[in-house]
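Hi,

Here's the structure I promised to pass on. Have a look, and my notes follow below.

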Amino acid sequence: MYLASIEWYRGWLRSRLCDEQEPADAALLTRTTIRGKWGEQQLTLPVEGGRRRARRLPPAERRLSEHDDWRHTHFQAITSAYGALPYFQYFAPYFAEIYASGEKNLLAFCTRLHETILSLATLPELTEYLLRNPRRLTPPEDADQFPPHITILELLFARGPETIFYLL
């Protein structure tokens, strides 16, 4: 999934901690919502041949189009929306590298973004720790500040290593 929502990552974490069903395969989704001072904005990945043609192809064969320099546009939108958040300067170079890579395969591009998010938020390590040391954790006071349909990037750039506590 393209920069999945906070809600999707909550489902991902629950599936790891509680043996629940994993969230629906989101590899087919090419949209995300970011939130800035101007309000919410949809970012959509352009797929070669359009959405109808892409749906007929297996996910591994779907390719990204280079229409309208979307890589630059998307990264600039993310920078404008989240550039002032405390962890942006630390994590942005990882995402800039992915956008600049020129990856053409949709699934590989989205997988690389997902793995980067997991790594930066240390979710696999913290999940393993919580499985070995179960504790009752309460969500932070300002957890409602992050709407569930917004991309996980907002939470990651705002809270950094505390991201997992907002997902629990």
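In this predicted model, helices α4 and α7 pack at an angle of about 135°, and their axes lie 8 Å apart. Angles over 145 degrees would count as roughly antiparallel, so this pair comes out as oblique. On the α4 side, the contact is made by F88, F91, A92 and F95, and these meet L153, L156 and F157 of α7. Sorted by class, that contact has 7 nonpolar residues, with no polar and no charged ones.

A bit more on α4 itself. The helix runs over residues 88-100, and at 1.5 Å a residue its 13 residues should span 18 Å; the end C-alpha atoms are 17 Å apart, so the two agree. Its buried residues are F88, F91, A92, F95, I98 and Y99. What covers them includes α3 (70-82) and α5 (106-120) as well as α7 (152-159). Just past the end of α4, G102 has a positive phi of about 75°.

Y82 is one to click on: leaving out residues up to four places away in sequence, Y82 touches I34, R35, F88, I150, T151, L153, E154 and F157.

Cheers

Methods:
Residues are numbered from 1 along each chain as its sequence is written. This is a predicted model: local features need pLDDT of at least 70, side-chain atom pairs count only at pLDDT 80 or more; totals for chains, interfaces and linings use all residues. Side-chain values use heavy atoms; hydrogens and water are left out. Helices (H or I, at least four residues) and strands (E, at least two) are DSSP runs, numbered from the N terminus. The expected span of a helix is 1.5 Å times one less than its number of residues. Buried means under 20% relative accessible area, exposed over 50%, partly exposed in between (1.4 Å probe, protein chains only). Contact means heavy atoms within 4.5 Å. Axes are lines fitted to C-alpha atoms, for helices over the stretch in contact, and angles run from 0 to 180 degrees between N-to-C directions. Angles under 35 degrees count as roughly parallel, over 145 as roughly antiparallel, 65 to 115 as roughly perpendicular and the rest as oblique. Ala, Val, Leu, Ile, Met, Phe, Trp, Tyr, Cys and Pro count as nonpolar, Asp, Glu, Lys and Arg as charged, and the others, Gly among them, as polar.
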